[in-house]
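Student: I would like to learn how to read a few features of a model, one at a time. Could we go through them together?

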Amino acid sequence: MMSSGSTYGDIHRYEQPRESPAAALAIVLLTIVEIVFVGLFTWGLLNGWGRSAEGNMFLGGVLGVIFIDLSFVLLLYRKEFLPDVMIVKKRRRKWEDLYVREEDVDGTSVTDGALENAKRALYPYYKR
């Protein structure tokens, strides 16, 4: 679905996800492998493998495999089951995100209006 609108927030491109059954099966299998490694890590932690140097390295490797497996699950899910959407955004100059007005690019002095700000902080209902 394409949009010819160029106003801020319009959807410029929208592509449906593929939702392939092979990806769904791969996510299920990777989730089962994830559960097995989490169980192995938990069992090793409860049996005190972390007390020895070799066991501690083994637990670190299992934890690394857990996070790598999780990253593949999330990668497949993002690629196969989330739509590809491009939204029109407003382009800004570099200084516009930092300053409200163009003349404020050089900044302001710390002492400008310090007395006025102190009066407002001490007496909130102070009127000019």
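Tutor: Glu80 forms a salt bridge with Arg18, with 3.3 Å between the closest N and O atoms; the term requires a side-chain nitrogen of Lys or Arg within 4 Å of a carboxyl oxygen of Asp or Glu. Because Glu80 belongs to helix H2 and Arg18 to the loop between strand S1 (11–15) and H1, the pair ties together parts that are 62 residues apart in sequence. This is a predicted model, in which local features need pLDDT of at least 70 and side-chain atom pairs count only at pLDDT 80 or more, while totals for chains, interfaces and linings use all residues. Residues are numbered from 1 along each chain as its sequence is written, and side-chain values use heavy atoms, leaving out hydrogens and water.

Student: At what angle do the axes of H1 and H2 cross?

Tutor: Two packed helices are described by the angle between their axes and the distance between the axes. Here the axes of H1 (residues 21–46) and H2 (residues 53–81) come within 9 Å and cross at roughly 160 degrees, which makes H1 roughly antiparallel to H2 (the term applies to angles over 145 degrees). The residues of their contact divide into 23 nonpolar, 2 polar and 3 charged.

Student: Which residues line the largest pocket?

Tutor: Rolling a probe the size of a water molecule over the atoms shows where empty space is left. The lining of the largest pocket consists of Glu15, Gln16, Pro17, Arg18, Arg78, Lys79, Leu82, Pro83 and Asp84, and by class it has 3 nonpolar, 1 polar and 5 charged residues. A pocket is an open set of points on a 1 Å grid, where a 1.4 Å probe fits, with protein on both sides within 12 Å along at least five of seven lines, and lining residues have an atom within 4 Å of a point.

Notes:
Ala, Val, Leu, Ile, Met, Phe, Trp, Tyr, Cys and Pro count as nonpolar, Asp, Glu, Lys and Arg as charged, and the others, Gly among them, as polar. Axes are lines fitted to C-alpha atoms, for helices over the stretch in contact, and angles run from 0 to 180 degrees between N-to-C directions. Helices (H or I, at least four residues) and strands (E, at least two) are DSSP runs, numbered from the N terminus. Angles under 35 degrees count as roughly parallel, over 145 as roughly antiparallel, 65 to 115 as roughly perpendicular and the rest as oblique.
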